[in-house]
Amino acid sequence: MKKILALLFTCFCFCSSLQAQNYTYQQDNNKAFSIGLDMPVAIRNEFFTVGAGASIKGEYPIGENLSVTAAGGYQILRVKDAYRTEEGPNKAGAFIPVKAGVKYFLGDGLYFEGEGGISIETNYAKRKYAVIALGPGLMVPMKNRSSIDFSLRYEDWGSSRIKVLGIRAAYRFDWL
């Protein structure tokens with residue numbers, strides 16, 4: 001856990017140093033929507049390894065630098081080689097995470113986000129895992145009130161049954 005927090009802190013510091021570039025991001029308190037690609041990496045789990053996925057996220061401002069978020073997606077996690085059978089590779093674990101959270105903007109596109117929700121396993125045991133997720137992100141502005149949103153998050157599914165380090169790259173646009 002200490003190593004994961006140290007990694008998140010290092011990534012946060014790296015993202016903070018990126019704001020010294022020649023761009024400014026104006027948090028204009030508009031509703032926003034994003035579509036992204038996810039790369040979850042299972043850490044401290046005996047059954048799954050790396051995966052891939054896609055997600056959507058809505059954002060609604062509730063204060064000057066604060067927004068509430070709602071997100072959903074589909075993720076697959078590859079089964080470790082030790083659990084594969086001779087008949088061929090086992091299916092990857094498939095999950096549908098549904099989360100709600102808050103996003104606090106620190107300035108120049110840099111933010112910190114916390115989420116909570118549920119991740120539903122769609123194959124194997126069909127378990128439901130409670131999810132807690134935390135991490136920093138950076139929005140790089142583009143034309144026409146849109147941006148590219150990069151985020152890194154640590155997720156704990158089911159009281160440490162599955163721990164995931166997630167990377168997300170998304171296209172974000174204002175919708176009102």
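Because Asp 38 lies in strand 1, residues 32–43, and Arg 153 in strand 7, the pair ties together parts of the chain that are 115 residues apart in sequence. Arg 153 also counts as buried, since its relative accessibility of 10% is under the 20% limit.

Arg 153 has a further partner in Glu 155, and in that salt bridge the closest N and O atoms are 2.4 Å apart; both Arg 153 and Glu 155 are buried. Salt bridges that share partners extend this group into one network, which joins Asp 38, Lys 57, Lys 99, Glu 113, Glu 115, Arg 153, Glu 155 and Arg 168. Side chains of opposite charge can pair when their charged atoms come close.

Another salt bridge is formed by Asp 149 and Lys 103, with 3.7 Å between the closest N and O atoms. This pair, too, links distant parts of the chain, for Asp 149 belongs to strand 7 and Lys 103 to strand 4 (residues 93–107), 46 residues apart. Asp 149 is buried, with a relative accessible area of 1%, and Lys 103 counts as buried at 0% relative accessibility. The count of salt bridges comes to 12.

Of the 176 residues, 43% count as buried, while the accessible surface comes to about 9,600 Å², of which 64% belongs to carbon and sulfur atoms. Among the contacts with a separation of 6 or more, residues 24 or more positions apart account for 57%.

The nonpolar residues give another view of the interior. In soluble globular proteins, nonpolar side chains tend to be buried together. Here the largest nonpolar core has 10 residues, namely Ala 42, Phe 48, Leu 77, Val 79, Phe 95, Tyr 129, Val 131, Trp 157, Ile 162 and Val 164, and strand 3 (66–79), strand 6 (128–141) and strand 8 each supply at least two residues of this core. Ala 42, when residues up to four places away in sequence are not counted, touches Phe 48, Thr 49, Lys 163 and Val 164.

From C-alpha to C-alpha, Ser 160 and Ala 130 are 9.7 Å apart in space, although 30 residues separate them in sequence.

The protein chain averages a pLDDT of 83, and 80% of the residues score at least 70. Among the elements, strand 5 (residues 110–121) has the highest mean pLDDT, at 96, whereas helix 1 (residues 2–18) has the lowest, at 51. Over residues 15–25 the pLDDT is below 50, and this stretch has 19 contacts in the model beyond near neighbours in sequence. Where pLDDT is low, the predicted coordinates should not be read in detail.

Definitions and conventions
Residues numbered from 1 in each chain as written. Heavy atoms only, no water. pLDDT = per-residue confidence, 0-100. Helix = DSSP H or I, 4+ residues; strand = E, 2+ residues; numbered from the N terminus. Contact = heavy atoms within 4.5 Å. Buried < 20%, exposed > 50% of the residue type's maximum accessible area, 1.4 Å probe, protein only. Areas by Shrake-Rupley, 256 points an atom, 1.4 Å probe, with all protein chains shown as cover. Salt bridge = Lys/Arg side-chain N within 4 Å of Asp/Glu carboxyl O. Core = buried A, V, L, I, M, F, W, Y, C linked by side-chain atoms within 4.5 Å.
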